[in-house]
Amino acid sequence: MKKLTFRSMLDNLRSSVAGVADAVTGANKFDVDPDENVKAQDFAFSEVSRSGFPHDPTCLAFEPVQRILAIGTRQGSIRLIGRPGVDFHLRPPSSSVNGISTEQAASDREALFGGGGGTSSAASSTANAVLQILFLINEGTFVSVTGNSRLHLWSYKTKKPEIVQTLEFQKEALTVCYLPYGSKWMYVGTEKGNVHVVQVETFSLSGYVINWNKAMELSSRNHPGKVIHLSVCPLDSAKLLIGFDSGLITLWDLKTKTADQRFQATDNLSYVSWHFDGKQFVSSHSDASLAVWNVRVPGKPTSVSTPHVRRSKDDPIIPILQVEWKKHKSGNEPLLLFSGGVSFDQKATPGKISKTQTMTIIQGKSTTVLEMEHPIVEFLCIPAQPWNPDGCDYEAVIVLLENDLVAIDLVSPGYPLYENPYPMDLHEPPVINCQYVADCPSDIIPTLYTAGAKHKKTNFTDKEWPIDGGQWGTAATGYSDFLLTSHTEGTIRFWDVSSATLQHLDRIKIAKIFERPKKQVAPAPDLPTGGAKPEVPLAPVKISSSVLDGPFDIQCVTLDPECRYLAVACVGGLVILYLWNKQETSSEISVLDIPIRGNSSDPLVDGPSGRTPPNSAGPHRNSLDKMENGACNTRRARVKAGLHKRAAGYQPFLVCNTDVRSPAAEEDCTSKSAPSLITSLALSPKYGLVAIGTELGLIVVDFIQKHCVINIATPDLYGSDDPYNRGARSPKSEKPPSNAANTQNNLEAVGGQTNNSASPAAPASPRHHGSSAGGTTTSSAEKNELSRSRSSSSSSLDLIASEAILCLKFADTYGKRADSAVSACLWIGTELGSVLVFSFIIPLSSSVDPSSQSQQTTQRLSQPVIGTPTGTLFRYNNSGGVLAIDFLDARGTVLSESSIVVPISSSSAREDSPARAPRLSDATALGASAIPPLVNLLADPRHILVVCMERQIRTFILPSQGLYQKYKLHQDPSLSVNAGLAFLKASIQTSKENACIYCYLSTGRVVIYSLPSLRPLLEVGISGPNDLRVAKTVSFGRHGGAVYLVSKSELQKVTFSAETTANFSQMNGELYTVGREVIDTAHRHSVSAPAVGFLKGLMGASTGPTLTPAQQLDKDREELFGEAAGKASKSTARHVPGSNSAMENAKMSSSMANSEIGRAKMLAIERGEKLSEIEETTERMRMQAEAFSSNASQLANKYKDKKWYKL
């Protein structure tokens, strides 16, 4: 039961009084409620595409006819990749629990525990891992082998690939499978050393079994181990080569069911590959040796070699994990390719065995070693012809790395690489956050693509990418979307996401606009003289994580609504502003230094009992801090001075340094602490302002005049109405500049003194770091009658160390309750659930004539921007931080910022970004004597404020600030009660000209509510609970689109629109191409059959019909593995039909066809009946016409001879 206190009674009394007042005056009601045409039927969830590199890959496969590449992962998902633009992501039902995939669960564990998920997590991940993928050549199907001993038969002939059938082995774990070319029988090796045979068409197990004790010598007493290799002899398809991990290799005769030959290696076996002539094969072993065996000489290998010599006997060597022996186009010398086999220096990696990162290509006497950037998982060779891949030449090799996909040209000299057309490098460097922009301006993507094309590498082969299967889909939307991803090391990348796949456009490197830091040697610590040991032992130095991060690691990024301005915040208090320009220019970057406001930062040293001063550890502490932190002056990034060439696209023009300290503080490294983190950004090109929210306060910069308008600590935002008990402030580490001394006194004044305007700071110099003043004004906030006095999530009696600003929003709206006209406002949301408002006076001309634009520019560049607090304050109990703030008009439409863009300077007006005249509805541009249009007079001028906090959503009516609707998360009966249940991200977007709010919950679900009534429209899960990666990277856009990182290297694009979901099949295209079937059929039967001796052919000649080699092979296998082999034990494997099997689809298609035929028959019958009716009617009309004609002729004859007067 909730405890009743005096504070709660007072809060209830105030709320009831305010509610009665609003009910009497009608301030919180509309004459006509906003139209909410949006319905739940307009929303449906669908995964549009998966882009990037498959996370944690395990295997690779290639279909030589359809030219499709398949990649399996440890989480159980499969990526099917065709030509650039054809990309499908598959996930079997067994790899998801409660609708959440195991790869998302692994992403959760990695985000929470840094990759150490525990033994159970690793076991679960291995159980769902895809061990192998085998294509049925030109059949439109493939088989996947998983770690839980399941065989899945997939069909990709349909728009959406699906599982047709499943075979689950119950007693033995699967290790390797082999499917010969053109065969319907698949060989399955197990961990116990047995080999089973599976009929692929029916997915049934044959009674033919090769037991491990029959494959080994009778005299041997040791188990041969698990089966790691299976392959058929290219010369004789009745011979099966079986490789065991112990080193035993058996050539099994399928017809006689006996071992034809046995080969025993001295070391463990890793891989086996046949020579294309079928008379010899090569095996690789764990001691990095290669052995060549002749099928007719089973005793010992014909040759044993170690391709790479060890540097010393003590140096370990990497095993050769895979080897391929292939035919090459240029000459008779075959190609020998293998991975690993290179020794490494143990001193460089003590106690750790390096992974395979080298690939060796040997042809004759030529040996080429290719070193990869990442460890090799698997590689395969691409045949030049789509038929009979075991006997043709090979033109390329595809290498699957742990974090990349590489293609090597085997025909060109030097083995150059192919240019990878897929966005496989999305995660290099790692992604921090994403910003998805739907329906962007039409000139953004072409300009960025042209600029990015100039930066592409050119040292690739001239040949086209060898994987070109599938067919492109059609775009389901008529608008362009682009994605902005921010990465570590200060990189911003732009992507085109208009279609189903991701296409890279351009990138920005922040470090290019700064000077390179000079390396300095840290001074030695000052020790006591005489070699005496210090009296106090050295305490470990703990430095804030933000200090240890790179100087340009990005914290947050924001774009203006028209994508013309870009603001980027980096670690270290740097904010860089970019301006869009279609043309390449030469410009200079201005620098604005902004001093720190608010409480001084905490010390860096942790003492035995909490935070301690730096000097508390002993007399040597100062010098040790200098050694650990380095010279303070060298940590500050300096912008390159002078004119520099800027490529087309986003060009930097202003750098704001929000971590400026006094010279005394710079010299004293003990006072140097971690810079305040930038937590939010907001841009307004219409006002020419950028708002910067930090963990200590608020900064507003005028980027037109390049000076600071507001620099204020968070406690000073409240003025005398601060509801929290703040901790005692530490002394300032630096003095404020002289030109801001009065302002600083005003900021720290206590006792209700008010200053109504902000004094502007000196403009920044474009050629050097200008001294800026943090001129701001704060006043004791005006007491608002409707100010929410409810306690926040933190008690007002608790000591509040800091209050970060999480949300900022510029808008033309009502800043006070008594306002009668809208004004330029900045709405501020804090982490304690408070919402405050600043109002600005923007110097714009009162004329609306486009010809007077020069007068507007002159006034904007000469007159200062003035900002004042309005005194409006919203606070609620246990609501958490403010996540989103937005505004609607009285009709429920999102208020869009005016398209006015104020030029940077009078000389910077360009043809590509002209300054446009203000619209008549713009209240800030209209003068007092301007007459508003008739539509505005008749429309309701009130606005709707939408505030989303971590635990509730509220909508208010402005300017009365009356509550319109509220939604509390813990009171929703559809959601389970959880103390940790909260909104993690929220965004107000437009869908079909209706405003909706998209909320991502801590449970991993997305909930969409209508605005302003807050009706739930859709709820769907997109990730596991507490997925930090999704919470940080999810970004919602217009028209129901969204993107987020599902793993560290994969980007998922989804849609919540029912219209886009209906057109989903048209966007992704198709994988199976019917036209390629003709090519394969023409050559499949032309493959030469195995050579048969003359006498054998003469004596074995039959009088029956002549069969093609493929038909004869199928007949022989049917005799061996069919009914004659008997039935397999039911306990060995269990057949599981697919949920959407091909048979069900065929039945459905048949029933649909029958229904269509019946409907056509009924229509034909109805048509015949109608035709017979028409014929009868025509005959009746003909008879009536004949009767009328005879009557008319008789009447004419009767009166023919009579005069008129006789009638």
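No disulfides were found in a search of the whole structure, which is a predicted model. A disulfide is a covalent bond between the sulfur atoms of two cysteines. The closest cysteine sulfur to that of cysteine 656 belongs to cysteine 708. The separation is 8.3 Å, too far for a bond, because a disulfide requires sulfur atoms within 2.5 Å. Cysteine 656 is also buried, at a relative accessible area of 0%. Cysteine 381 is buried as well, with a relative accessible area of 10%.

The overall architecture was examined next. The protein contains 19 helices and 66 strands. Its chain content amounts to 1207 residues, of which 50% are buried. Contacts between residues at least 6 apart in sequence were also classified by separation. Of these, 63% join residues at least 24 apart. The accessible surface totals about 56,900 Å². Carbon and sulfur atoms account for 53% of that surface.

Glycine 85 provides a local example. This residue lies in the loop between strand E4 (78-81) and strand E5 (87-90). Glycine 85 counts as partly exposed, with 25% relative accessibility. Beyond residues up to four places away in sequence, glycine 85 touches Trp472 and Thr501. Leucine 502 is 417 residues from glycine 85 along the chain.

How values were computed: Residues numbered from 1 in each chain as written. Predicted model: local features only at pLDDT ≥ 70, side-chain atom pairs only at ≥ 80, totals over all residues. Heavy atoms only, no water. Helix = DSSP H or I, 4+ residues; strand = E, 2+ residues; numbered from the N terminus. Buried < 20%, exposed > 50% of the residue type's maximum accessible area, 1.4 Å probe, protein only. Contact = heavy atoms within 4.5 Å. Areas by Shrake-Rupley, 256 points an atom, 1.4 Å probe, with all protein chains shown as cover.
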